[in-house]
Amino acid sequence: MNQKKYTHTPIKGITPTTTLPEGTALVLEGGGTRGFFSSGVFEEFMEAGIMFPYIIGVSAGAANALSYISGQKGRSRQIVTHYVSDKRYVSKRNLIRYRTLFGYEFIFETVPNEHIFWDMENFNRTQTRYLVGVTDCATGEAAWLEKADFATEADVLMANKASCSVPMVAKIVNIGGTDYLDGGIAAPIPIEKSVADGNKFHVIVLTRNPGCIHKPFKGMWAVRLLYKKYPALVHTMLTRHEIYNRQLALCEQLEREGKALIIRPQKPMQVGRSTSDIKKLLDLYDEGHQEGKAAIKRIPPSLRA
């Protein structure tokens with residue numbers, strides 16, 4: 001274990017006892033702090049000793065999966081309890097001072113390096129293909145950064161920083177000479193990539209209530225102005241509602257066909273993308289636990305054998 005001093009007692013990662021068969025995927029929507037619902041789901045998977053051979057996520061979905069892959073049950077709860085209400089994590093002050101609503105340096109550098117240990121050694125030991133979705137600003141298309149290509153902790157966290165960089169309220173992130181923004185622009189629910197990669201059964205964790213349909217963004221004049229250097233990105237943002245609705249429809253179709261299991265909040269949503277209210281977030285986190293525990297029983301027995 002890393003010998004550095006941390007504000008909180010480090011949680012050592014545990015190794016999963018069961019990896020589901022090849023062709024089984026975990027597909028993760030983003031959603032800012034709504035993503036702590038997913039963290040609750042992941043902790044039920046950890047409790048059951050379950051790991052997926054393939055995990056694909058965008059934005060907060062990919063970022064919150066880090067603690068799942070490293071096997072650190074309770075780590076995300078520490079983050080909610082101690083740091084999400086910190087103005088350095090998310091605030092209008094950040095937007096005014098640093099041109100970013102979320103404090104990505106604080107989230108992806110200060111917290112894991114000074115306050116809450118992240119077990120990268122166990123993350124690396126865990127045998128799973130982990131894909132982080134980003135949007136290529138030049139092409140407007142989704143791109144995928146993979147665990148197999150991450151040489152250092154900084155590489156992992158930079159990929160997630162790019163994936164979480166929400167347009168309009170975050171800066172573009174350059175990795176290897178390519179400009180990236182939030183993976184949820186081009187692939188808000190990365191189910192199509194999972195299907196294209198040959199997976200046959202998909203456990204899909206969403207962060208919105210059933211019946212949620214996206215509508216066109218009303219501030220497109222600002223998008224055109226801010227990203228005039230990236231016309232393909234602007235086009236993708238113009239049509240993002242269509243992409244989301246298409247991908248959601250595919251998820252629901254696959255579930256009807258017995259090829260997917262959707263896990264999502266059932267109680268009326270009280271949390272938005274940038275909510276920092278600890279009680280509301282912990283309530284959502286606990287709902288994730290409840291829905292995750294119920295969902296495990298619905299995973300086909302042939303996959304859990």
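This is a predicted model: local features need pLDDT of at least 70, side-chain atom pairs count only at pLDDT 80 or more; totals for chains, interfaces and linings use all residues.
**Overall form**

The secondary structure of the protein consists of 14 helices and 10 strands. The radius of gyration is 18 Å, close to the 19 Å that the globule rule gives for 305 residues, so the protein is as compact as a globular protein of that length. Along the principal axes, the C-alpha trace spans about 55 × 50 × 40 Å. Of the 305 residues, 58% are buried. Among contacts between residues at least 6 apart in sequence, 77% join residues at least 24 apart.

The accessible surface comes to about 13,400 Å², and carbon and sulfur atoms account for 53% of it. The side chains include 39 positive and 30 negative ones, and the centres of these two sets lie 5 Å apart.

Strand S9 covers residues 201-205 and is mostly covered, with five of its five residues buried. Phe201, Val203 and Val205 point one way from S9, while His202 and Ile204 point the other way. Residues on both sides of S9 are buried.

S9 pairs with two strands that are described here. Strand S2, residues 24-28, pairs with S9 in the parallel sense over five bridges. Within this pairing, leucine 28 has valine 205 of S9 as its bridge partner. Strand S10, residues 260-263, also pairs with S9 in the parallel sense, over four bridges. Here the bridge partner of valine 203 is leucine 261 in S10.

**Helix H2 and its ends**

Serine 59 lies in the loop between strand S4 (54-58) and H2. This serine has a positive phi of about 55° although it is not a glycine. Just after H2, glycine 71 takes a positive phi of about 70°.

**Asparagine 160 in helix H7**

Asparagine 160 belongs to helix H7, which spans residues 153-163. When residues up to four places away in sequence are not counted, asparagine 160 touches Ala62, Ala63, Leu66, Phe108, Tyr130 and Val132.

Arginine 99 is placed in the loop between helix H4 (92-98) and helix H5 (104-115). Its phi is near 60°, a positive value in a residue other than glycine.

| Residue | Relative accessible area | Class |
|---|---|---|
| Asparagine 160 | 0% | buried |
| Serine 59 | 5% | buried |
| Arginine 99 | 57% | exposed |

The classes follow from the cut-offs, because buried means under 20% relative accessible area and exposed means over 50%. Asparagine 160, at 0%, is therefore buried, and serine 59, at 5%, is buried as well. Arginine 99, at 57%, is therefore exposed.

Conventions
Residues are numbered from 1 along each chain as its sequence is written. Side-chain values use heavy atoms; hydrogens and water are left out. Buried means under 20% relative accessible area, exposed over 50%, partly exposed in between (1.4 Å probe, protein chains only). Two strands pair if DSSP finds at least two bridges between them. The radius of gyration is taken over C-alpha atoms; the globule rule is 2.2 Å times the number of residues to the power 0.38. Contact means heavy atoms within 4.5 Å. Accessible areas come from the Shrake-Rupley method with a 1.4 Å probe; for residues, only the protein chains shown count as cover. Lys and Arg count as positive and Asp and Glu as negative; His and the chain ends are not counted. The place of a charge is taken as NZ of Lys, CZ of Arg, CG of Asp or CD of Glu.
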